[in-house]
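Subject: Structure handover

Hello,

Here is the structure for you to take over. My notes on it follow below.

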Amino acid sequence: LALAMGASRILEIGTLTGYSAVCLASALPPGGRLTCLEIDEKVAAVAREGWRRAGVEDRVDLRIGDAKSLLVDILADPAAAGSFDLVF
């Protein structure tokens, strides 16, 4: 879906093992970014390793914390607000 729609900015809420993030990040064009929100640092560490192995870690912006709070911060940034092509 991300590839078909040409998404260049993707937001993933809850990354767990990072498998879906690998798929999404792999579909990004050059310069594309995937922002992942994850509440659990231990889970995020597993995801980071998967991204490293898949060669997509440079396309992923991981933010640790409660998604509701993180979304408030993201939406408060005029440069980021409304700029996601896909939310997963």
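Two strands are said to pair if DSSP finds at least two bridges between them. Helices (H or I, at least four residues) and strands (E, at least two) are DSSP runs, numbered from the N terminus.

This is a predicted model, in which local features need pLDDT of at least 70 and side-chain atom pairs count only at pLDDT 80 or more, while totals for chains, interfaces and linings use all residues. Residues are numbered from 1 along each chain as its sequence is written, and side-chain values use heavy atoms, with hydrogens and water left out.

Overall picture

The protein has four helices and four strands, and along the sequence they follow the pattern α-β-α-β-α-β-α-β. The radius of gyration (taken over C-alpha atoms) is 12 Å, close to the 12 Å that the globule rule (2.2 Å times the number of residues to the power 0.38) gives for 88 residues, so the protein is as compact as a globular protein of that length. The C-alpha trace spans about 35 × 30 × 20 Å along its principal axes. Of the 88 residues, 34% count as buried, where buried means under 20% relative accessible area (1.4 Å probe, protein chains only).

Sheet

The four strands form an open sheet in the order β3-β2-β1-β4, with parallel pairing. At its edges are β3 (60-64) and β4 (86-87), each of which pairs on one side only. Strand β2 (residues 33-38) runs parallel to β3 and is joined to it by five bridges. Within β3, I64 is the residue that stands opposite E38.

Helix α4 (residues 67-76) lies across β1 (9-13), β2 and β3, and runs at about 145° to β2. Such angles run from 0 to 180 degrees between N-to-C directions, with axes fitted as lines to C-alpha atoms, for helices over the stretch in contact (heavy atoms within 4.5 Å).

Core

A nonpolar core is a set of buried Ala, Val, Leu, Ile, Met, Phe, Trp, Tyr and Cys residues joined through side-chain atoms within 4.5 Å. The largest one has 18 residues, of which A2, I10, L34, C36 and W51 touch the most other members. Two or more residues each come from α2 (19-26), β2, α3 (41-54) and β3, and α2 gives the largest share, four residues.

In α2, the residues A21, V22, L24 and A25 are buried. The buried residues of this helix pack against α1 (2-5), β1, β2, α3, β3 and β4. Leaving aside neighbours within four places in sequence, I10 has contacts that include A2, L24, L34 and F84.

Regards

Definitions and conventions:
Buried means under 20% relative accessible area, exposed over 50%, partly exposed in between (1.4 Å probe, protein chains only).
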